[in-house]
Structure formats: C-alpha cells, structure tokens
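Thanks for coming. Please put the model up on the screen, and I will go through a few parts of it.

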Amino acid sequence: MASEGKESKPDSQSPAAPAFTCKDLAASATHQPTDKKLFENLSGAGKVIGVLTSGGDAQGMNAAVRAVVRMGIYVGAKMYFVYEGYQGMVDGGNNIVEVTWECVSSILQVGGTVIGSARCQAFRTREGRLQAAYNLIQKGITNLCVIGGDGSLTGANLFREEWSGLLEELAKTGKIEKEAVKKYAYLNIVGMVGSIDNDFCGTDMTIGTDSALHRIIEVVDAIMTTAQSHQRTFVLEVMGRHCGYLALVSALACGADWVFIPEYPPEEGWEKLLCTKLFENRANKKRLNIIIVAEGAIDIHNKPITSEKVKDLVVKQLGYDTRVTILGHVQRGGTPSAFDRILASRMGVDAVLALLEATPDTPACVVSLSGNQSVRLPLMECVHMTQEVQKAMDNCQFAEAVKLRGRSFENNLNTYKLLSQKKPDSELPKSNFNVAVMNVGAPAAGMNAAVRSAVRMGISEGHKMFAVNNGFEGFSKGQIKEITWGGVGGWTGQGGSILGTKRTLPAKYLEAIAEQMRIHNINALLVIGGFEAYLGLLELSAAREKYEEFCVPMVMVPATVSNNVPGSDFSIGADTALNTITDTCDRIKQSASGTKRRVFIIETMGGYCGYLASMGGLSAGADVAYIFEEQFDIRELQANVEHLTEKMKTTIQRGLVLRNENCNENYTTDFIYQLYSEEGKGIFDCRKNVLGHMQQGGAPSPFDRNFGTKISAKAVLWLSEKLKESYRKGKVFANTDESVCLLGMRTRKLIFQPVTELKSQTDFEHRIPKEQWWLKLRPLMKILAKYKISYDVSDSGQLEHIPGCEIGQIETQTA
C-alpha cells in the first residue's frame with residue numbers, strides 16, 4: 001500500500017475512516033501472527049495496470065472492472081481503461097484512458113460491459129500486436145487484466161510471450177527509446193473468464209453464467225404457465241456454443257422432460273425414445289412438456305440437432321401442439337445476479353493481488369473458482385484442457401469430453417439422467433426399505449427441489465418414499481404418506497415448502513414420533529431444514545438409548561435463508577434470499593436517481609448470522625454492513641457517518657447501509673436511521689427499509705434449485721449405502737454417531753459429518769457456527785467502499801495446477 005499521506009492512499013482526506021474491527025481478523029499488523037500475509041503490506045506504487053473486456057459480453061463484467069479499478073487505485077497503482085477490447089488497444093488514442101475511483105461508480109448493477117468489447121482481427125496479426133504494444137508503452141502499462149473467454153485469454157498469453165520481441169522491434173524502428181525496452185521489459189497478464197457459456201476448464205463458474213441461468217429460468221417458469229393452460233409442448237433453444245452447461249443445468253432446474261447437449265448426444269433411435277416419453281407423460285396427466293436444446297447439440301454422428309428438427313418430430317409423430325422458443329441474446333442481457341457480482345468482485349480483487357505479486361518468471365494466470373475458494377491457475381493449462389474437450393467431441397469421444405468438463409458437469413449430467421425418467425418397475429431394484437423425507441424450520445426457496453430429488457432418487461434405489469407434512473409436529477400426528485415419482489412432478493420451481501414446515505423440535509414428541517416410525521416401518525430419515533433441523537437430529541440421536549426406532553440412518557441437508565447451519569458453507573435458500581436483497585437494493589438506489597443526496601438504511605434477515613447482510617452488501621455495493629459477528633460501538637457508527645459524509649461531498653449521490661436484524665440489541669435499525677439522519681443534516685437525508693419475509697419468498701434461484709437437487713440426491717445415496725451395510729450384516733442398524741450426519745459443502749466438496757461432532761463448532765446461544773468462511777470476504781466490501789482496512793491474503797498467491805496438465809506437459813504435447 002502507498003505510504004501514509006500519499007494522495008493515492010484511500011481516505012487520506014478522511015482520517016476518521018474506521019479500522020476493520022472483526023474479532024476473527026485482527027485490525028492491524030501488530031496483532032497478526034507472523035505467518036500471515038497482509039494485503040496492506042503489498043504496494044502498487046509505480047505499477048500501471050490496464051483493464052479490458054474482450055469477446056462476448058457477460059453480466060458481471062462491470063463488477064469485475066469496478067473491483068480491478070478500485071483495488072488498483074487502493075494500493076496506489078495507476079489504472080487505465082482499454083475501451084473496445086483488443087481493437088481499442090490496437091487503435092490507441094482515446095481508447096486507452098486513465099480512470100479514477102468515481103469512474104466506476106454505479107456500474108455494479110449494469111449488465112454487459114461499459115468499456116465495450118469487440119472482435120479484433122488486427123490483434124491476430126503480429127503487426128496489430130506491435131501497434132498494441134506501442135500504445136501500451138506510451139501509457140507505461142506493463143500489467144494487463146483481461147476479462148474474456150478462452151480466445152481472448154489465449155491472445156493475451158501470446159502477446160505476453162512476444163512482448164520483449166515486440167519492444168525490440170519498436171526500438172529498432174525508432175518508435176521507442178532503447179531505454180524503454182529495459183524499463184518495460186516484461187508484461188504481466190492475469191485473466192478472468194467472462195462468458196455465459198461456462199465452457200472454460202479450471203473454474204467451476206465463469207462470470208455471467210449464473211445470470212444467464214436466471215434469464216433462462218425466468219423464461220421457462222413463464223412458459224410453463226401458458227404450456228399448462230393449453231397442454232402444449234415447448235422446445236427451448238439456449239446458448240452455449242459447443243458447451244451444454246446452460247442447457248443441462250436449466251433442465252435440472254426446471255425438471256425438463258428431455259435435454260440435448262453436445263457432450264452427451266442421444267443414443268441411436270432417440271427419436272422413438274423421446275416420443276415414447278412424451279406420450280407416457282401425457283398419459284400420466286402431465287399437461288406440458290419441456291424440451292431444452294443447446295445451440296450446439298449434436299447426435300452421435302456429429303450432425304446437428306436443431307430445435308426446429310425436434311419440433312417437427314413431435315408434431316409429426318405425436319400431433320402435439322408444439323412451439324419453439326429461441327432465447328437468443330436475452331440470456332446475455334439484464335442485470336447480473338448476486339452470485340456473479342460477488343464472484344466478479346472477488347476475482348477482480350484477486351487479479352490485482354496476482355499482478356502485484358507477479359515476477360518476470362510468473363506465467364500468465366487465470367483467477368478461477370473452486371468450490372467457494374478463489375484460486376489461481378496457469379492460463380495455458382486451462383486453455384489446453386478446454387481445447388481437449390473440443391478435440392474429444394470432434395473425435396466422438398463423448399464420455400471423455402464429459403470428464404474433461406469437470407466433476408461439476410459430470411455430476412449434473414448423472415443427476416439429471418437419474419431424476420428425469422423413471423425406469424419401469426420391472427427394472428427397479430427392490431430394497432424393502434422405507435425412507436421418510438421432511439422439512440423442518442422456516443421455509444426456504446429450493447426446499448421443494450430438494451424433496452423432489454430425494455423422492456426420485458429413493459425410488460430409483462428401490463425404496464418406498466414417505467413424505468412427512470409439517471415437520472416433527474406433523475410427524476407425531478401421523479401426517480405421513482407414501483409419495484410417488486409423479487407426486488413430485490413440477491416441484492423444482494415452486495417456492496416455500498409444499499410439505500409444510502414448522503420450527504417445533506422433536507423432544508416433546510419423541511414417543512409419538514417413535515410410534516409413527518414403527519407404524520410406517522421407517523428405516524431411514526432425511527431432514528431438509530435449518531438450525532431447528534440440526535437441533536432436531538441431535539435430539540433424535542440422543543433419544544436412541546430409549547427408543548430403538550431412532551436407531552436408523554439419518555441425514556440432514558441444510559436449507560435456510562440465514563445460512564447459519566454449522567458444517568456447511570452454503571444452505572439451500574440463501575442464494576434466493578441474497579438475490580432478493582440485491583434486487584431490492586438496486587431498486588431502492590434507483591429511486592434516488594435525480595434526487596438530492598440520500599443514504600438508505602436496510603435491514604436484512606438472518607437471525608444472529610450476518611451472511612445475508614455481508615454478502616448482500618458486497619453484491620449491492622454497500623458502504624457498510626453491520627453484523628453480530630463483528631461487534632461495533634458508537635465510535636465506529638460515527639466514523640461511518642463521517643466517511644459517508646466525505647463521499648457525499650464529492651460526486652456520490654447515494655449511500656447504502658445494511659444492518660443484520662440481530663447485530664446489536666441497542667443499535668437498532670431505527671437508532672441507526674436516526675443517527676445518520678441527524679448527522680447528515682444539510683448534506684444528505686435518509687430512508688429506511690425493513691425487507692422482512694420477502695427474503696423467504698419467491699421462486700428459487702437456479703443455484704438453489706441445482707444445489708438442492710444435487711445435495712439431496714447425494715444424501716439419499718448415502719442413506720441407501722448405510723441401509724445396505726446394515727442389511728448385509730444382518731442386524732439392526734448400529735447405534736453410532738456416524739449414522740446421524742449432516743451433508744454440507746465445505747470449501748471444495750460435499751462431505752458427511754456426524755452431527756454430534758459439529759456440537760463443538762456451534763454457538764448454540766446465537767445459533768451460528770463458531771467459524772464462518774465468509775467473514776474473510778468482509779474486507780472486500782470495505783476496500784471497494786474506500787475504507788482503510790486490514791485484509792489477510794494468506795490464502796492467495798499460490799499458483800495451483802490442473803492435475804495431469806502441468807505447463808511442461810503442455811509444451812511437450814504442443815511440440
């Protein structure tokens with residue numbers, strides 16, 4: 001960071017800006033262990049960084065641009081926009097412009113890219129790259145942050161490799177001084193993948209993919225109502241070029257009858273199979289059919305399967321009223337989702353950190369997402385792997401192509417195949433086990449998708465599936481019945497809980513619940529819910545000594561908007577709530593357009609967990625978010641007011657303050673509103689908004705539908721394995737802690753954890769985990785709001801590799 005007093009340091013004119021006071025992340029270097037790497041010890045002084053977007057546009061690109069610019073300025077670097085992608089770099093002039101902090105204000109929620117993107121043939125030639133190098137040297141730019149697809153990033157890597165040769169050529173022709181060759185000796189490149197297609201290997205999600213899924217699911221949900229009214233078949237064509245990710249996840253998220261993707265072509269004779277399935281669905285009283293076709297869909301002979309071809313087939317063979325909807329560029333449009341804003345902001349900050357730490361020997365890298373972690377991977381390893389996917393498809397090696405796409409893609413495909421079509425009863429195994437599924441706690445969007453997945457997976461495993469209505473209370477009253485494959489049809493897009501859910505714990509109903517388990521011969525239990533579900537399983541586990549009916553395998557899947565369940569980084573429903581908060585903040589901020597300066601105080605749900613307030617603040621561009629996990633006092637409140645006041649005296653017209661509902665019993669939303677109103681008199685006025693239960697409502701987001709579907713399927717497979725183990729041993733299920741588990745996402749994978757082991761990780765008084773991963777992201781919001789702050793970056797900086805794809809191997813294979 002720039003030295004104290006320099007103009008480039010944030011808030012040099014605002015000495016009252018508060019320090020970061022998280023009890024888990026110390027506020028200053030003097031309190032940090034020596035093995036921690038601190039962001040404030042990194043300096044961008046003397047560095048000049050250019051940022052450009054290239055290739056197809058994607059929602060979230062502006063969030064990435066904003067993060068790069070602000071992070072760069074924060075550490076004291078000079079920041080430049082390169083307008084119109086590589087074309088602007090080649091053309092130079094007014095296309096390469098120095099930017100300030102305010103230049104990226106109010107772009108977080110804007111789709112597309114405000115600095116433009118263009119295909120550039122000139123940059124594909126050495127002459128074009130020579131001119132681009134000259135234009136960058138004129139501005140002193142030797143660090144590039146490129147946001148684009150694989151083609152854009154490959155071009156950036158070639159540019160980096162040629163850099164020294166380009167400079168020498170420019171010096172020979174007299175265009176630059178010989179000293180400039182030494183001064184600007186090497187070019188650092190860091191990439192971020194901005195593409196709705198999610199076709200880049202090495203990252204779980206690319207910037208824009210989640211937003212594109214939002215557009216697709218919005219259309220599918222709307223189409224379903226009209227299709228049901230007229231008993232129609234709809235064929236939807238979605239984008240993705242040669243990658244079927246959008247089509248596959250959309251099919252999972254809406255329960256489509258059939259999906260065509262390039263990586264998994266239908267088998268020979270698919271036409272008859274498709275028509276048979278559609279006919280059977282109509283015979284079973286299903287009023288609509290949804291078929292999703294990826295734009296690059298092919299058959300096993302590599303011949304295209306178009307949406308029109310599918311429509312003509314259905315009309316000719318079945319005579320159904322069939323319509324085609326080609327979504328087209330609507331998938332690229334609209335405001336970015338909360339997920340994409342957070343992803344892009346994290347990647348943008350990490351991209352600048354990577355440039356600060358780069359050396360002449362550092363290979364060009366790409367900032368990627370693995371689970372919930374930001375990682376850096378060698379750019380050409382990712383490009384190589386991406387190219388291998390296309391080669392595999394060109395050679396009709398489709399199984400290999402699916403594997404190369406990564407575990408997430410493969411899991412999505414396997415889950416869809418299992419859940420989309422029921423096997424004939426004669427082909428289903430017979431387990432003679434009865435499995436019950438129930439919802440516990442407050443409703444959360446995505447619960448119904450999880451129940452659907454569990455029921456269908458259980459039936460595929462040969463179990464009888466029973467649905468329990470109204471939580472443990474309903475269980476005790478015998479509100480339980482068998483549920484069939486068709487009984488959960490159309491559930492994926494439904495919000496709330498169709499089964500009904502209550503917060504009641506089982507302790508006072510233990511005898512009645514045990515009786516119902518005995519009556520219905522329940523051999524395993526799946527509980528989908530929040531903190532009450534976790535407490536409920538603890539109580540059932542403790543009651544095993546008294547009631548042998550509870551000596552069965554039990555597993556919990558976390559589902560709560562609060563995201564406060566120990567043992568899991570994510571809960572079903574939290575993403576939907578986060579999007580509701582983000583959308584509402586966007587509208588609230590927009591309401592101030594053209595008015596005088598205004599600050600909005602917004603209260604979010606979450607109990608004592610600050611996840612929604614913190615992540616909502618990051619995705620909505622808030623100035624501050626007050627949460628229980630980071631205690632604050634009146635001095636910090638006053639410092640925040642002064643910080644906002646300084647901003648309002650410049651060109652900033654709006655401020656945004658989020659408050660978690662239980663962050664402090666005395667500093668209430670009303671108190672904070674009155675404080676800001678009083679202190680801001682003559683400079684800004686205030687408005688407040690309590691979002692309330694709207695955060696629990698609405699249709700589930702694509703993320704929650706997909707996450708709920710996959711995690712529940714995995715939970716039922718675990719129950720099946722436990723039941724088979726006990727059956728093979730020929731005895732009643734063992735009374736062990738390992739048989740009562742919570743299935744959660746931890747860092748990069750889904751893992752099963754005994755609920756009794758999670759007790760030590762739980763703050764039962766406040767109903768939150770003792771350690772929460774997202775607290776590490778809290779400083780990002782402060783940095784992007786221009787606060788002085790400490791930030792632990794110990795986790796970043798390690799360049800990882802794709803297994804079996806190290807740089808040396810790539811060079812050998814390429815040669």
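Four strands make an open sheet, ordered S7-S8-S6-S9, with parallel pairing. Strands here are DSSP runs of E of at least two residues, helices are runs of H or I of at least four, and both are numbered from the N terminus. Two strands pair if DSSP finds at least two bridges between them. The edges are S7 (258-260) and S9 (322-326), each pairing on one side only.

This is a predicted model: local features need pLDDT of at least 70, side-chain atom pairs count only at pLDDT 80 or more, and totals for chains, interfaces and linings use all residues. Residues are numbered from 1 along each chain as its sequence is written, and side-chain values use heavy atoms, with hydrogens and water left out.

S7 and S8 (residues 289-294) run parallel and are joined by three bridges. Trp258 has Ile291 of S8 as its bridge partner. Helix H8 (residues 270-283) packs on the sheet and touches S6, S7 and S8, where contact means heavy atoms within 4.5 Å.

Now to another strand. Arg598 lies in S17 (residues 598-604). Is Arg598 buried or exposed? Arg598 counts as buried because its relative accessibility is 13%; buried means under 20% relative accessible area, exposed over 50%, and partly exposed in between, with a 1.4 Å probe and protein chains only. Leaving out residues up to four places away in sequence, Arg598 touches several residues, including Met648, Phe684 and Asp685.

Conventions. Axes are lines fitted to C-alpha atoms, for helices over the stretch in contact, and angles run from 0 to 180 degrees between N-to-C directions.
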